[in-house]
Amino acid sequence: MMHLSASSSPATYRQYCPEPYYDYSDGPFGPANWGNLHPSWTLCGDGNSQSPVAINASEAFLNASTVLETFYHSAIVERSDDHAVQIVRRCGGGALYWNSEGPYYVLNMHWHTPSEHIVNGVRFPLEGHIVHVGPNGEILVIGILYEIGTEDNLLASILNWTCPFGVITLENVTSNYYNYMGSLTTPPCTEGLTWIVLEKTNTVSQDQVDNITSYQGYNSRPLQPLNGRIIYKVEDDIYIKSSDTFVDVE
């Protein structure tokens, strides 16, 4: 199977992918020029509500009225890498409800090295995104930040996969979180997304970060201006279920 990474050449990328090539370099295909690479990507250059952003707890507005409920369960997924190590839901996986609206179904989970969001001046070695889609096409993304420590079980399984498909089993995690309105952090940089960045960090080993980085390179978009947007902090229990096993399907 041909694997593409952030370091793939434009010619190689176009051979296997119909969409325009982009990368994370300082060159002509990098983030500073994404908005010029395709007519539908202009928001990458002139959008007003772009992501990622710098989050400062001291400047966040407390919001106790926001309710996030997750109902995750086991899912059959496919590892489908492009600009990031990624697992894509094929069936199952569950959903979440945001302020009683939904369901928002899980689409995929992928990782960025280093983290795209910065919290209280800290850039973390890794950030995971769980992408959801709502009943009217709304996108909601949960961001999980990782610190160096013990190995992450989900990544340990995925990075040692032996076939494209597997089953992930989900567990409960609790955390306060930050919430703001933003965009996709990759082209076409679509705006109007709900971002939930968990305050509690997961741990990942340095070997795992090195493994991911050696495959996908560095794939973090530079910070974007807030342009007057408000970041909220919700200090209440949130139940997120994160995978801890990945079992190959024969």
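Is Asp23 buried or exposed? I looked up its accessibility first, keeping in mind that this is a predicted model. Asp23 comes out at 8% relative accessibility, so I put it down as buried, the cut-off for that being under 20%.

Next I checked where Asp23 sits. I found it in the loop that runs between helix H1 (10–16) and helix H2 (43–46).

Then the whole chain. I get four helices and 15 strands. The protein chain has 250 residues, and 48% of them count as buried. Its accessible surface is about 11300 Å², with 51% of that belonging to carbon and sulfur atoms. I also looked at contacts between residues at least 6 apart in sequence: 67% of these join residues at least 24 apart.

On to the cores. The largest nonpolar core has 27 residues, and the members touching the most others are Leu96, Trp98, Met109, Trp111, Ile142 and Ile196. I traced which elements supply at least two residues each to this core; among them are strand E4 (86–98), strand E5 (101–112), strand E9 (139–148), helix H3 (153–158) and helix H4 (206–216).

Setting aside neighbours within four places in sequence, I list its contacts as Val85, Gln86, Ile87, Gly128, His129, Ile130, Ile144, Tyr146 and Leu154.

Last entry: I noted another core of 14 residues, apart from the largest one, including Val119, Val141, Tyr178 and Trp195.

Key
Residues numbered from 1 in each chain as written. Predicted model: local features only at pLDDT ≥ 70, side-chain atom pairs only at ≥ 80, totals over all residues. Heavy atoms only, no water. Buried < 20%, exposed > 50% of the residue type's maximum accessible area, 1.4 Å probe, protein only. Contact = heavy atoms within 4.5 Å. Areas by Shrake-Rupley, 256 points an atom, 1.4 Å probe, with all protein chains shown as cover. Core = buried A, V, L, I, M, F, W, Y, C linked by side-chain atoms within 4.5 Å.
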